[in-house]
Amino acid sequence: MSLDFPGLFNYWLIIILMLIGFYIVIAHGNLVKKIVGLNVFQVSVFLLYITMGKVEGGTAPILADGIEVYSNPLPHVLILTAIVVGVATTALGLALVVRIKETYTTIEEDEIDAMENQG
Amino acid sequence: MIQHHLPILQILVPLLAAPVCMFIRHPQVVWVWTLAIVWLCLPMSVALLLQVLDQGVIVYELGDWAAPWGIEYRVDSLNAFILVIVTMIASVVVPYGRTLVDSEIPASRIYLFYAMFLLCITGLLGIAITGDAFNLFVFLEISSLSTYVLVSLGKDRRALTAAYRYLIMGTIGATFYIIGVGLLYMATGSLNIVDLGKLVPAMADHRTIQAALAFLTVGLALKAALFPLHMWLPNAYAFAPSVVTVFLAATATKVAVYAFIRVIFGIFGDIDVLALLPVRYLLMLLAVAAMFAGSAVAIYQNDAKRLLAYSSIAQIGYMILGISMDSVTGVAAGIVHLFNHALMKGGLFMALGAILYKTGSVDLRDMTGMGRRMPFTMAAFVVGGLSLIGVPLTAGFVSKWYLIQAALEAGWWPLAVLIVLSSLLAVIYVWRIVEIAYFQPGGQLPKIYDRAPLKLLIPMWVLTGATIYFGIDATTTMDIAYTAAKALVPGGAP
């Protein structure tokens, strides 16, 4: 790494993405935006795993002549599972938002809260 | 031969049974199918527990790939005990649930309900049985995703928002957990819990390991609803269908607490992590705060389901308190409280489910004279309530007795005082319901003898009876809890 970064450049990006995502989840009142925030948050973790498996100059772990450096495939495989889980979570979350929209006619958290407090 | 494959069958049977529900579709047939499956799972987990108590740890390598490369299922006395708790509660909940599911869930969706229920059981059993940190995450998400669906099936529209909030909080918790696992893998190159337990001590001073511990703790505390990360729990319990509330209250948070124990003692056990960082005192503080805050808020609830939900938060505090003491007695008290609380909360929520079925409301203001209208149900409720307080001859007394003993052993007598004081708060909220049900004049309500159907009463009294039984004869449960605690706590091995 020729960059003058303290630490790995990727990690800085990951932390920034992670905090952006987390902030959206906490700060936004729109239920769809919350799910988007959750996705950004999860994607940053996917990147964390992918980065940790990458070996500089390494290729995909395929047995062939002339290739000596391989990236670690395990974190990549793990994150494939996590991506599937993430997709399932997003789908379920959005399905819930659709149902919420049908019954409450809004997807703004403050309006829903107001309706719930009325009884 | 079958004996050898029991650990994997324990997971495979409910996992494969879930999609079959989608083909059966007929509500009654699906119920019979689910019942058959959970009643098959119970003897399997009991057989595993007996085998473990007899021969020690069972290791099952998936596809014969040796750990730490392959995934291994590792059954010791602790998680065999958890398996029995989950399957036992499930085998009581399914027969109990038939009437309530029919009345609370549209007939066209009942087969989906049971499919999700089986998946939820799979997830919970998987968390307990696996010996691989990442595999644990996958099962955690299987159980969580199915739980969100189960919660959202509630009749009240607030069930939807409760499920949504649970989904957001739960996913953050699970993501924190995988960040922690990722950091551990980064530092050690292993995902096997036993292997991690050997590798981690060498690099205990490493910042990555400490960050991993922080992420794992927060992630699992969210899943276990440890104060102050409990915000998702009251609404999820209050608005979910009654059957789901019974099952979740009795098992879901317990399994998360188990995962917590596994991480704290399994992975970080040998470096005495509870002493290395101020984690022990932090946990102790949060546990005590949960005991008081949960009980105090419970006192002011008007919805009986919410009241019990807040009481659950307090009870989780007791479990974590036992664990944070880091002594054999403390951890054993925490583990035995897992079991006892599953019994009593299961029984209590079953009583509320029956009341909801008969009267359509569990609001305290509608419960006047309930002691006369539904005598058997309220009697079960009172026994459960006494057990929450920790009155002798109930299971709750056993847990609190050992908890106080552990506190005194370690010389923390103020902690023992706090345990007793927080129990007094439990007296108040249990008494509120008892007073309304037995001592307030029925008012406008007709004084009819309105017994709940036997289909609901029998499972309810099975759990309530177990609460009394394990309160009188706690030798079996305490033996298992002690064996498990001795294996976990460093220096506690016999």
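Tutor: Let us begin with B:M374, which has 25 other C-beta atoms within 10 Å. Please bear in mind that this is a predicted model.

Student: Why is B:M374 called buried?

Tutor: A residue is buried if 20 or more other C-beta atoms lie within 10 Å of its own. B:M374 has 25, so B:M374 is buried.

Student: Where in chain B is B:M374 found?

Tutor: B:M374 is in the loop between helix 15 (370–373) and helix 16 (375–389) of chain B. The C-alpha atoms of B:M374 and B:R451 are 5.0 Å apart in space, although the two residues are 77 apart in sequence.

Student: What makes helix 13 of chain B roughly antiparallel to helix 14 of chain B?

Tutor: Helix 13 (residues 304–324) and helix 14 (residues 328–359) of chain B pack at an angle of about 170°, with their axes 8 Å apart. Angles over 145 degrees count as roughly antiparallel, and helix 13 of chain B is therefore roughly antiparallel to helix 14 of chain B. By class, their contact has 11 nonpolar, seven polar and two charged residues.

Student: How many residues does each chain give to the contact between chain A and chain B?

Tutor: Chain A gives 26 residues and chain B gives 23 residues. On the side of chain A that touches chain B, helix 3 of chain A gives the most, with 14 residues. The residues of that side of chain A comprise 18 nonpolar, five polar and three charged.

Terms used
Residues are numbered from 1 along each chain as its sequence is written. Chains are lettered from A and ligands numbered from 1 in the order in which they are written. This is a predicted model: local features need pLDDT of at least 70, side-chain atom pairs count only at pLDDT 80 or more; totals for chains, interfaces and linings use all residues. Helices (H or I, at least four residues) and strands (E, at least two) are DSSP runs, numbered from the N terminus. A residue is buried if 20 or more other C-beta atoms lie within 10 Å of its own, exposed if 12 or fewer, and partly exposed in between; C-beta atoms are placed from the backbone. Axes are lines fitted to C-alpha atoms, for helices over the stretch in contact, and angles run from 0 to 180 degrees between N-to-C directions. Angles under 35 degrees count as roughly parallel, over 145 as roughly antiparallel, 65 to 115 as roughly perpendicular and the rest as oblique. Ala, Val, Leu, Ile, Met, Phe, Trp, Tyr, Cys and Pro count as nonpolar, Asp, Glu, Lys and Arg as charged, and the others, Gly among them, as polar. Two residues are in contact if their C-beta atoms, placed from the backbone, lie within 7 Å.
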